[in-house]
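Here is a short tour for someone meeting this structure for the first time. Have a look at it, then read on.

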Amino acid sequence: MAGRITAVLGPTNTGKTHYAIERMLAHRTGVIGLPLRLLAREVYDRIVRARGPSVVALVTGEERIVPERAAYWVCTTEAMPDLGADFVALDEIQLCADPERGHVFTERLLTARGLHETLFLGSETMKGAIAALVPGVQFTRRERFSNLSWSGSKKISRMKPRAAIVGFSVENVYAIAELLRRQKGGAAVVMGALSPRTRNAQVEMYQNGDVDYLVATDAIGMGLNLDIEHVAFSATAKFDGRRMRALFPHELGQIAGRAGRHTQDGTFGVTGEAHVLPEEVIDAVENHRFAPIQRLQWRNPRLEFGTLPRLIQSLEEGPSNEWLVKGREADDLRALKALAQMPEIEDRVRHANDVRLLWDVCRIPDFRSISEAEHATLLARIFGFLQGGKGVPSDWLAGQIARIDRPQGDIDTLSKRLAFIRTWTYIAQRKGWVDDETHWRMETRAVEDRLSDALHGALTQRFVDRRTSVLLRRLKQKETLVAEVNDKGEVVVEGEFAGRLEGFRFRQDATTSPDEAKMLARAAYEALRPEFSLRADRFYNAPDTELDFTEQGGLMWGTTAVGKLVKGSEPLKPTVEPFVDEEAGEDVAEKVRRRLQHFIDRKVAALFEPLLAMGRDEGLTGLARGFAFRLTEHMGIIPRETVAAEVKELDQEARGLLRKHGVRFGQYTIFQQALLKPAPTRLRLVLASLWEGLAEFPESPPPGLVTIPHIAEVGAMAYTLSGYRPAGARAIRIDMLERLADLLRTHDSRAGFEANPDMLSITGMTLEQFADLMEGLGYKGEKGERVKTRAAAPAPEPKAPEAEAEGSANPIPEESSPIAEAAGEATPEAAEGAEPEMEVFYTFTWAPRPRAQHGRGDRGPRREGNREGGNRDGGEGGGPRRRDGNREGGNREGGKPEFRGERKDGGKFGGGKGKGPKGGKHGGPKHEGARQFEARPPKKDKPIDPDNPFAVLAALRDKK
């Protein structure tokens, strides 16, 4: 026997849900059905605070908390149990007209009754339908506590605080929240797809004032009691699952009614591209007058489980009452029809119990929303597990959950995982579907909690700028901001990160408005003023080991840029420009400048000490001193052809004085050996680039490389300053090139010679690479092939006459003798068809050609006091000598060579892979067919060239 039935109807913000909770707690037992899992969780928490968790149960499709002494049951409408409780309440009863879920609410309206009291809560639009379908019902109207008024259309940038902006798609909600983050400091996000844990965290962020704006879907219209003063619609149409349609006036009223809290008035309006509402709609919302609901969605609750066709037929049966209308085909019925068409399912469903089980499986909601076919496949698999009587296998279920239990990713990824875990949470709530129900319920709940926390964090990170929110709030209140600097240089304003002190410059964090940037900078510099002075003192007393220069001319203090090099009066005397904010003051800037200047001056003095010492040597006079000046001007390295005339004029004494300072007069380059080390090379490139005014400086090659790639876009002088000389496809280090030149001088370059292992070892090249290098130096390499020779066998020991006599009877065949093998004659094995092993060799001859560009090499090696194609003093000429004593293509005046530091491809200078594999070595005697060369017989004695580095040795020999 049912007790009193009451329909409590009225607009939103009338406290209907609160009234229902009070009425339920006045009874010994009670059940309340709510439209959303979010709302059910909220009501559950309120009752737990009032009565304790031991007597309150929570039952939804994905959550089940049922203590042994449960007296009050809080459920979603679909999950309401039939317990025979003293009290039953059904919230948002107007959802009986909802196309998707209406049949569930209508069934509860018709059948759910409390033993002593039944309450129906909702809109007045349901009054006529309830009166016609529920005999003996009493109606109670509850008036709104505050007024609701229309405020028109406003831009989001002008939206007042404590406002909720409503969108009807995830994309729209995210776009609005992103805009609010940039303009207002951020927003909380509430959607029906959020888990209760995520939704509560977002709502708490709004309620406690961390953000002043809320972006929500129409889920906000049901039961969420928040401190909202204004509701703005960003759209007035939505997709209802089948089509786009305009919102009904009562739907607009349901959502707009969330504006205003208790007795505080609220407003509603539109924003963005939403059109202004018609006058009649505005009037209906303001006065809560909507057209009554004429039809309720209905589906036959008396199902027949004899066979699948009979079950489907009973589900499609129409109503007999004029107030009821057959609802649209629900998801569970579509899933049932899809499974009924599968042959494997049709064959396995033979009894009523099978039909009932299949129907229970089909009622699993499609949380994943991938596709109907995908959902049907999953349901078929679960039905197969359950029909066997053993439930869903634990190992299979564990694998499915493990793939979801990953709290990393963006908002969309985490949202999808939350939707996926809801499927397994629902299955774990069904009795008998899994082996250990308690374990799997706890496991799925734990995964959902982890994903919910991660989603809340992702939403907050993307849509909330806490620093901006705090700054704007203080800016409006005209308060002084509190700022501080920690030991890491991080500047914190009002507890929020505002920027970083990098050296002596404040790098302000990204801001979104001029007002915010101005306030942030003012507060930050106020805190940084004493920090600038303290840091300048520490910097001035820092050792040189803490400072360094970059290859682009920057000056570093540890990992922080504190200045840059600037072109000075001389290449070796650069000046500095400190990086100091103007707000730091002139004293700080000057102290930083002096310390940087001291550092670079000492660095130049230390790395170029041999060069500077040579310039200070008063013993150098005349031509020697002039040449020392030229060498200093070129920072210790000069291509010989650019100073050929000066070198020719230097006598032996002058050269000796220069050699005392480490100057080496090489065939190709004149340089100081000590300045080829990596540290001087690195600084030399920076200073030369600075002097030439390059926009981008060439970088020094990695240390230890004998050769590096020759990049055409890099100027020849950049290679020279790096200590390399281009030759062919690669550039070779100048000191190793001089060692190679020493070896080449021992060979006859006119008749031709082959590369020996020593040459390949010096360059670290293969034979093919070496041939290209030699071509770049002015040699011509002729490639050939020959049978690879083997090492000759040792000569046999002389035998006694007796042994010779014995051996003469059995002589060694001529074709297999070592002599024949050494001569390359075919052995019997070779005669049988074995192909001999071939080897490649090159014959190099001097082939001078007119000089086209620096670094290609067009001079011959020195031989017997002279150079073939070179000049008399051992220097590198500019081609063959003419009768007038000059060289074709040479530079008699020693003009300045081209220096280009920028590269078209933007790559780094000298970026090679290091030296290549060493070339092969020739072992054993030469093949008879190979050409043999030897040096020419010595010519008649000539006066010894004083420029020849071997002149002293020759003089000592003559004394003997």
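| Stretch | pLDDT | Contacts beyond four places in sequence |
|---|---|---|
| residues 947–954 | under 50 | 12 contacts |

Across the protein, pLDDT averages 81, and 80% of the residues score at least 70. This is a predicted model, where local features need pLDDT of at least 70, side-chain atom pairs count only at pLDDT 80 or more, and totals for chains, interfaces and linings use all residues. Residues are numbered from 1 along each chain as its sequence is written, and side-chain values use heavy atoms, with hydrogens and water left out.

Now for Gln202, which sits in helix 6 (residues 196–207). Is Gln202 buried or exposed? Gln202 has a relative accessible area of 1%, so it is buried (under 20% relative accessible area, using a 1.4 Å probe and protein chains only). Its side chain makes a polar contact of 2.8 Å with the side chain of His456 (N or O atoms within 3.5 Å, one able to donate a hydrogen and the other to accept it). A polar atom of the Gln202 side chain also lies 2.8 Å from the backbone nitrogen of Val189. Beyond four places in sequence, the contacts of Gln202 include Ala188, Leu459 and Thr460.

What about cysteines? Cys96 is buried at 0% relative accessibility, and Cys362 is buried at 1%.

Note on methods:
Helix = DSSP H or I, 4+ residues; strand = E, 2+ residues; numbered from the N terminus. Buried < 20%, exposed > 50% of the residue type's maximum accessible area, 1.4 Å probe, protein only. Contact = heavy atoms within 4.5 Å. pLDDT = per-residue confidence, 0-100.
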